Amino acid sequence: MAHEFRLPDIGEGLTEAEIVRWVVPIGGYVGMDETVVEVETDKAVVEIPSPYAGIVLHHGAAEGEVIEVGDVLVVIGEEGETWPPGAEASEPGDAQAGIPPEPASEPEPSVPPEAAEEEPAPIVGTLPQEAEVLPSRAEATERPPARVKALPVVRKLARELGVDLATVTGTGPEGRITREDVLAVADGAQPQAVPTPVPPVPQPAQRTVPAGARPEPERRPLTKLRRTIAANMSESWATVPHVTTFDEVDATRLLAMRAALARRHERKIPMEALVVKAVTPVLAAFPEFNATLEGDELVVHRRYDIGVAVDTPDGLLVAVIRNADRRSVLGLADEVTRLGSAAKERKLGVDELSGQTFTVSNIGAVGGGFGTPIVPPGTTAILSVGRAVDKPVARDGRVEIAPLLPLSLSYDHRVIDGALGRRFMAMLIENLEEPGLFLAD
Amino acid sequence: MRQRLTPSGGLQGEAPIDLQLTRRLYRAMVFARTYDRKGMALQKQGRLATYAPFEGQEAAQIGAAAALDPNDWVVATYRDAALMWAQGYPWELLFAGRTGDERGGSPPEHVPVLPPSITVGGHMVHAVGLAWAEKLQGTSRIALTSFGDGATSEGDFHEAMNFAAVFEVPCVFLCQNNGWAISLPRERQTKSATIADKAVAYGMPGVQVDGNDLFAVYEVVKEAADRARSGGGPTLVEAVTYRRGPHTTSDDPSRYRDQAEVEEWARRDPLERVRIYLAENGAWDAEWQAAIEAEAQAEIDRAIELAERMPPLGPGEILDAMFETPPPHLEAQRRELVEGLQ
Amino acid sequence: MRVLTMAKAINDALDVGLEKDSHVLIMGEDVGRTGGVFRITDGLQEKYGEERVIDTPVAESGIVGVAFGLAVAGMRPVAELQFMGFSYPAFDQVINHVSRIRNRSRHRFTAPMVIRIPYGGGIGAAEHHSESAEAIYAHTPGLKVVVPSTPYDAKGLLLAAIADPDPVVFCEPIRLYRAVKEDVPEGWYEVPIGQARVEREGSDVTLLSWGAMMLETRKAADRLAEEGVASEVIDVRSLVPFDAATVVASVEKTGRAVIVHEAPRTAGFGAEIAATIAEHCLYSLEAPVRRVTGWDSVFPLKRSEHQYLPSVERIVAAAHQTLEA
């Protein structure tokens with residue numbers, strides 16, 4: 001079998017070498033560790049010993065030529081072999097077997113004259129073979145716009161409260177945003193340009209204390225996040241006339257498809273990924289659901305930034321999937337997963353926590369069924385998806401058991417009337433029951 | 001300069017060792033030369049990192065090791081593979097170190113040889129400490145440290161010689177004066193007439209010996225070792241030899257020395273004179289020569305195969321030998337390293 | 001219990017170490033007959049003999065290198081280098097050999113040894129006698145580096161260092177040798193290497209220091225307390241391994257940190273601590289981390305020392321800066 005022997009980096013920062021003399025011609029025999037060729041590096045003429053015993057089948061370069069480290073230097077094989085396998089013996093540049101190659105009559109001027117003037121190699125070790133080209137230092141970089149000044153602890157607080165620091169006026173030294181500035185925005189005392197909505201949160205069960213015992217009640221101050229949620233909820237509840245419509249979807253095909261995707265790609269497919277994929281064409285068909293009511297104007301968005309509710313130890317947050325309409329189911333699954341873990345590690349940026357145009361809340365993850373979600377401020381609707389539960393359904397005149405997915409759609413009745421709501425729901429149901437419809441998008 | 005065997009194999013005075021041991025040491029020198037030439041070839045094939053050859057210095061190394069007890073400490077350099085091997089260090093670990101693997105520095109439990117010193121000179125002081133510890137613990141072990149003529153200019157040569165002499169520790173200083181410290185000739189290294197002369201200043205014996213003469217090296221180192229073992233303190237031995245190869249595979253000696261000088265020293269080959277001596281005494285023939293060469297080739301081939309078959313250190317293992325128990329910061333860095341590789 | 005100075009506590013630790021383990025040796029310049037230039041080894045040669053408390057030639061590289069050989073062969077040497085500035089000639093031995101023999105032999109050979117280095121300024125010494133080079137040692141992988149600031153810790157840490165299977169650089173603050181006294185138990189006890197000591201708890205600002213600067217840091221904490229500021233004072237005392245957990249927990253609590261050391265600021269160990277705080281506590285910080293350190297100058301001679309060493313006033317001012325941010 002023919003062995004290729006490539007010019008090694010023999011540990012002195014060698015990048016190339018010139019063939020001085022082929023000691024063993026093509027067709028000649030070379031023993032193990034016997035010199036096969038003399039090469040000249042930028043430091044010395046080196047006799048290169050062959051790592052194999054056998055017949056020299058090929059010279060990687062003619063005498064006088066320069067060969068790079070890593071290129072084939074010589075091929076050693078057995079009597080009668082050719083290289084490359086099957087090739088005729090008369091390779092260009094190769095002499096006939098057994099006859100020493102003649103030096104090229106017109107040696108290629110392939111040795112760059114600079115080669116001799118390169119940096120001397122070190123006595124030990126290996127230098128990188130290709131120098132990285134550093135960017136010119138002459139070009140002055142443009143000064144970026146001034147960043148918001150705030151201490152890390154204040155940034156963290158703002159993130160927890162969903163306050164966009166870019167919208168806050170700092171009252172501290174040198175315009176620094178203080179903790180109080182953020183709290184003021186969170187409490188609504190200071191107006192914020194882009195309100196950050198927070199989805200509905202399950203209320204903790206009320207504990208009843210037996211009459212007569214009258215222990216002192218425990219007074220728990222609300223966390224900042226909880227206070228923000230409370231303010232948002234109150235604002236929404238007070239200003240938005242809510243209507244909620246309920247329905248159930250036969251999720252047989254949806255769940256089968258989800259399972260198949262999970263098998264094929266060996267990963268979890270979060271329900272949100274499918275629901276978001278199913279809902280974006282519906283939003284396109286009914287733009288009122290992807291809008292913001294500003295005074296007497298309805299701002300209809302041309303982007304589909306879908307908020308998904310994420311349960312974190314600090315409270316429920318809405319993380320935003322940008323341009324959801326342009327993402328595949330797998331792409332959405334990636335994003336849902338990423339946002340979920342980033343939210344839990346509190347690594348989400350402000351821009352990932354605000355500005356959604358529609359919201360999906362998967363309360364099924366915590367076992368929920370139907371609910372009456374509250375429309376986040378700045379949007380017109382929210383869809384809550386419960387847990388699929390096996391239920392009897394009538395199909396083709398027979399009762400069958402099928403997984404039914406509970407849907408609850410709340411919307412702003414100022415913008416959307418009941419009929420529109422039903423049509424929205426009908427199309428969504430169609431999509432979820434026949435996943436092929438939305439996958440086609 | 002002490003000499004027992006002339007370059008043409010003539011015996012001066014009495015042979016310090018019998019024919020059987022001479023044959024064994026000759027065989028060891030053949031092994032050493034086989035290893036050294038293989039090392040040069042492997043490096044040019046890209047299979048070893050930089051290699052520092054010792055061809056021409058076999059007698060100095062094999063002869064010195066033969067004068068030691070198997071328990072005696074050896075603290076040597078990157079050019080002392082033959083010496084280290086003769087004291088028990090396996091060829092495959094010597095190769096492993098040259099392939100760029102820390103485990104080459106970890107000889108078996110019973111081998112009293114430190115991994116080779118890469119910096120010049122600092123290791124001589126270690127031998128003084130090792131020898132002193134043996135003295136304090138009342139054992140009969142001694143230490144031998146090997147170094148080149150260049151190392152005698154290092155401050156640690158002075159500190160080691162001085163400590164050893166002041167505390168009368170059982171240490172043998174073996175200088176292999178091979179004529180060249182990379183490109184600097186011995187004459188430019190020191191103004192002293194000989195390196196052995198330097199011993200006078202420390203109040204210890206200094207002996208110059210023909211370093212290419214197996215018998216003379218054995219005899220002188222044996223005397224020094226016996227003196228150390230019997231409480232007589234340290235000795236400086238200057239073995240005059242010659243570095244026939246380059247400093248390392250990255251060096252080109254034609255830039256600084258005449259080829260004629262190299263050829264002159266080739267005529268003083270340390271193996272050849274022992275071969276002639278053995279032949280004249282009916283203890284050598286071509287058949288035996290062929291047999292030991294084949295044996296050596298097989299053993300060296302096996303050693304490089306073992307070294308190359310060893311898988312590299314696993315992810316994060318570079319952090320595992322910093323302390324006996326890794327502190328929390330190293331455990332954290334190890335996790336970070338391993339995650340980064342995934 | 002006896003009330004001892006740090007000098008006596010270290011002497012006591014060496015005495016206990018020599019007594020307990022016959023492999024323990026003391027070696028260094030003038031450590032024997034005169035008991036050391038700071039009298040730390042006073043009386044030990046008399047008690048244990050010239051073979052165990054060894055006056056060496058004046059050769060720092062030799063002392064450390066020979067101690068290395070002794071350690072590899074099973075002894076437990078405790079080498080003294082008279083002043084930090086005199087430890088520099090031994091860098092080759094410490095950095096090229098002592099710190100890495102375990103790794104270069106993959107645990108086959110080890111150097112369990114202690115290098116005691118009196119260090120630091122504030123005593124009006126000659127040039128080279130006031131250096132604080134602890135960061136250089138801390139930057140060398142394979143060494144442990146400890147700095148006691150109390151007699152109790154000095155004895156307990158030194159005994160832990162003697163028992164440690166790896167080399168330990170033991171930095172002794174010269175200015176504290178006789179400046180602090182404390183109850184020190186008799187016999188063998190160890191203070192674990194790798195644990196910081198929370199000397200005083202507080203909720204407003206964390207003051208971190210080690211060695212002689214603990215004196216100023218304590219006084220600064222007193223001064224701040226008078227103003228109603230509750231400082232948490234941490235004696236880092238082990239630079240390698242560094243007890244990041246204790247520091248992180250404290251700064252997460254207080255949100256403010258002032259690091260005090262007398263070594264020059266650039267690449268001082270305070271930078272390592274500040275980076276650790278940035279990596280682990282950034283979102284708890286109420287203010288930028290402050291460093292109060294020696295300047296990036298050669299350590300000044302006697303008449304100008306006061307300009308160089310961190311003062312109580314500088315520490316208090318830095319704490320104020322963190323509180324006002």
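**Figure 1. Where chain B meets chain C in this predicted model****.** Let us start at the boundary between these two chains: 34 residues of chain B are in contact with 35 residues of chain C. On the chain B side, the elements that contribute two or more residues are helix 5 (123-136), helix 6 (155-166) and helix 13 (328-341). Helix 5 of chain B supplies the largest share of that side, with 10 residues. Sorted by class, the side of chain B that touches chain C holds 18 nonpolar, 10 polar and 6 charged residues.

**Figure 2. Helix 6 of chain B against helix 3 of chain C****.** Here we zoom in on one pair of helices from the two chains. The axes of helix 6 of chain B and helix 3 (residues 60-72) of chain C come within 9 Å and cross at roughly 65°. The two helices are therefore roughly perpendicular to each other, and helix 6 of chain B passes helix 3 of chain C in a right-handed crossing. From helix 6 of chain B, look for B:Gly155, B:Asp156, B:Glu159, B:Ala160, B:Asn162 and B:Phe163. They meet C:Ser61, C:Gly62, C:Gly65 and C:Val66 in helix 3 of chain C. By class, this contact has 3 nonpolar, 5 polar and 2 charged residues.

**Figure 3. Helix 8 and helix 12 packed within chain C****.** This view stays inside a single chain. Helix 8 (residues 213-226) and helix 12 (residues 312-324) of chain C pack at an angle of about 55°, and their axes are 8 Å apart. That angle makes helix 8 of chain C oblique to helix 12 of chain C. Their crossing is right-handed. Helix 8 of chain C brings C:Glu216, C:Thr217, C:Lys219, C:Ala220, C:Arg223 and C:Leu224 to the contact, while helix 12 of chain C brings C:Val312, C:Ile315, C:Val316 and C:Ala319. The residues of this contact divide into 6 nonpolar, 1 polar and 3 charged.

Figure 4. Is B:Gly56 buried or exposed? With 25 other C-beta atoms within 10 Å, B:Gly56 is buried, because the cut-off for a buried residue is 20 or more. Leaving aside residues up to four places away in sequence, B:Gly56 touches B:Thr241, B:Tyr242, B:Arg243, B:Arg244, B:Trp265 and B:Pro270. As a landmark elsewhere in the chain, B:Leu306 is 250 residues from B:Gly56 in sequence and 27 Å from it in space, C-alpha to C-alpha.

**Figure 5. Chain A, with its stretches of pLDDT under 50****.** The secondary structure of chain A comes to 8 helices and 17 strands. Of the 441 residues of chain A, 36% count as buried. Among contacts in chain A with a separation of 6 or more, 67% join residues 24 or more positions apart. Mean pLDDT for chain A is 80, with 78% of its residues reaching 70 or more. Two stretches deserve a careful look. Over residues 89-121 of chain A, pLDDT stays under 50, and the model has 47 contacts beyond four places in sequence for this stretch. Residues 193-213 of chain A also have pLDDT below 50, and here the model has 40 contacts beyond near neighbours in sequence.

Technical notes
Residues are numbered from 1 along each chain as its sequence is written. Chains are lettered from A and ligands numbered from 1 in the order in which they are written. This is a predicted model: local features need pLDDT of at least 70, side-chain atom pairs count only at pLDDT 80 or more; totals for chains, interfaces and linings use all residues. Two residues are in contact if their C-beta atoms, placed from the backbone, lie within 7 Å. Helices (H or I, at least four residues) and strands (E, at least two) are DSSP runs, numbered from the N terminus. Ala, Val, Leu, Ile, Met, Phe, Trp, Tyr, Cys and Pro count as nonpolar, Asp, Glu, Lys and Arg as charged, and the others, Gly among them, as polar. pLDDT is the predictor's confidence in each residue, from 0 to 100. A residue is buried if 20 or more other C-beta atoms lie within 10 Å of its own, exposed if 12 or fewer, and partly exposed in between; C-beta atoms are placed from the backbone. Axes are lines fitted to C-alpha atoms, for helices over the stretch in contact, and angles run from 0 to 180 degrees between N-to-C directions. Angles under 35 degrees count as roughly parallel, over 145 as roughly antiparallel, 65 to 115 as roughly perpendicular and the rest as oblique. A crossing is left-handed if the near helix is turned anticlockwise from the far one by less than a right angle, and right-handed if clockwise.
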